[in-house]
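Subject: Structure handover

Hello,

Here is the structure I said I would pass on. My notes on it follow below.

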Amino acid sequence: MTTTPGKPSGSLPGKPPVTDLATWQAAREELLVREKAHTREGDAIAAARRRLPMVEIDGTVEITGKDGPVPFLDLFEGRDELVVYQHMWYDGAPHQGQCEGCTTTVWHMKDAVYLNARGVSFAVLTAGPWEEVARYTEFMGYTQPWYSAVGLEAPIGGEPGHIVCFLRDGDRVFLTYSTTARGNEGINGSLSLLDMTPYGRGEAWEDRPEDRTVPGELHEGEPSEGHESCWYWRSDADGVATWGPTSRPVPQWTRPGATPVETLGRHGTFH
C-alpha cells in the first residue's frame, strides 16, 4: 500500500533540457531577481494586512469541544491571537467521505508549538455534530483542538475552507483577517515545495512546457479543467489519484481501519 498518488518512473515525459553548470547558474540567478521581487511584494501585502481594521464579535458564543460547550474566548488559551481553520463537514459520512481539501490543509498543522511560542493559538472549527467530529479526529490522530460550531454564523461559523484570524483584548474578541481558496496555501508547505520541482503540482491551470505532462494528471471521472488545488491528495489503496468509490484523502491510508467501505462523493452523494 502506498500513500502517494504517483509511482516512480524512469521515463517521465518532457524533462528539462540538460546544460552545463555555468549556464544553469546564469539562468538560476536571472530567476532569482524575480523571486526576490515576489518575496518583497509578499512582505508589502503582509504589512497591509497588519493595517486592516478589525471588527468586535461576541466572544461568549458557545462552541463544543472535547470538554463540552465552551465560550469562543477559550480557544485563545490565554494567548492574545488566534488562527482558526474552518473545516468542511459532511454529516453522517464515513471517515473517507470527508473533504480531501480540508484534510490536506489540516494535516499540515499537526503541531502549533511555534505559533504558541509567538503568542498565537490554533484551532479547527467545523459545522459537524461533535459526536461525529470526535470520532473522526480520533481516527485521524489529530493533535490540534477541534470544535463543533453547528448553526453559528460567520466569522465563528459560516462557509468552510477559510482561515480566520482573531485578536483578544482582555475579554473582548475581534475579527482581524480572513482568507479562502488558494489563500489557505499558507498552511500547506507541501504545495510550496512542489512549486520548486520541475513537474510542479500537476494542476491543469499550471503553466508548464507543452510536453511536460504529469503521470496521473487526469483522475477518474473528473475533467482536467477542474482546477482544484488538492485533487491529487485523494487516492485509492495503490496510490492512484482518483475520486472513485475506493478513494479517500491520502493521509487516511496511514490510519487504522483504512479498508474502503461506502464513501461520500465530492458532490455529497454516496457511492
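Glu56 has a relative accessible area of 41% and is therefore partly exposed; the term covers what lies between buried, under 20% relative accessible area, and exposed, over 50%, with a 1.4 Å probe and protein chains only. The model is a predicted one, in which local features need pLDDT of at least 70 and side-chain atom pairs count only at pLDDT 80 or more, while totals for chains, interfaces and linings use all residues. Residues are numbered from 1 along each chain as its sequence is written, and side-chain values use heavy atoms, with hydrogens and water left out.

Salt bridges

Glu56 and Arg172 form a salt bridge through their side chains, at 2.7 Å from N to O. The term stands for a side-chain nitrogen of Lys or Arg within 4 Å of a carboxyl oxygen of Asp or Glu, and by this rule there are eleven salt bridges. Glu56 belongs to strand 1 (residues 55-57) and Arg172 to strand 8 (residues 172-180), so this pair ties together parts that are 116 residues apart in sequence. Strands here are DSSP runs of E with at least two residues, helices are runs of H or I with at least four, and both are numbered from the N terminus. Arg172 is partly exposed, at 42% relative accessibility.

A second salt bridge joins Glu100 and Arg234, whose closest N and O atoms are 3.0 Å apart. Since Glu100 is in helix 2 and Arg234 in strand 9 (residues 234-235), the pair ties together parts that are 134 residues apart in sequence. Glu100 and Arg234 are buried.

Arg201 and Glu185 also meet in a salt bridge, at 2.8 Å from N to O. Arg201 sits in the loop between helix 5 (189-194) and strand 9, and Glu185 in the loop between strand 8 and helix 5, so the parts tied together are 16 residues apart in sequence. Both residues are buried. Through shared partners, salt bridges connect Arg182, Glu185, Asp195 and Arg201 in one network.

What does the side chain of Asn188 reach? It comes to 3.0 Å from the backbone nitrogen of Ser190, a polar contact, meaning N or O atoms within 3.5 Å, one able to donate a hydrogen and the other to accept it within protein, with residues adjacent in sequence counted only if both atoms are side-chain atoms. Asn188 lies in the loop between strand 8 and helix 5 and is buried at 3% relative accessibility.

Gln98 is in the loop between strand 4 and helix 2, and its relative accessible area of 1% makes it buried. A polar atom of the Gln98 side chain lies 3.0 Å from the backbone nitrogen of Tyr90. Leaving aside neighbours within four places in sequence, Gln98 is in contact (heavy atoms within 4.5 Å) with residues including Trp89, Tyr136, Arg234 and Pro249.

Aromatic pairs

There are seven aromatic pairs in the structure. Rings of Phe, Tyr and Trp (its six-membered ring) pair if their centres lie within 6.5 Å; planes under 30 degrees apart are stacked, over 60 edge-to-face, and the rest tilted. Phe72 and Phe76 are an edge-to-face pair, 6.4 Å centre to centre with 85° between the planes. Trp89 and Tyr136 have ring centres 5.4 Å apart and planes at 80°, so they too are edge-to-face. This pair links Trp89, in the loop between strand 4 and helix 2, with Tyr136 in helix 4, 47 residues apart. Trp89 is buried at 11% relative accessibility, and Tyr136 at 1%. One aromatic cluster is made of Trp89, Trp107, Tyr136, Tyr142 and Trp146.

Nonpolar cores

A nonpolar core is a set of buried Ala, Val, Leu, Ile, Met, Phe, Trp, Tyr and Cys residues joined through side-chain atoms within 4.5 Å. The largest has 22 residues, of which Tyr85, Phe122, Tyr142 and Trp146 touch the most other members. At least two residues each come from strand 4 (81-87), helix 2 (100-107), strand 5 (120-126), helix 4 (130-140) and strand 7 (162-169). Helix 4 gives the largest share, five residues. Apart from this core lies another, of 16 residues, among them Phe72, Leu75, Leu125 and Val173.

Regards
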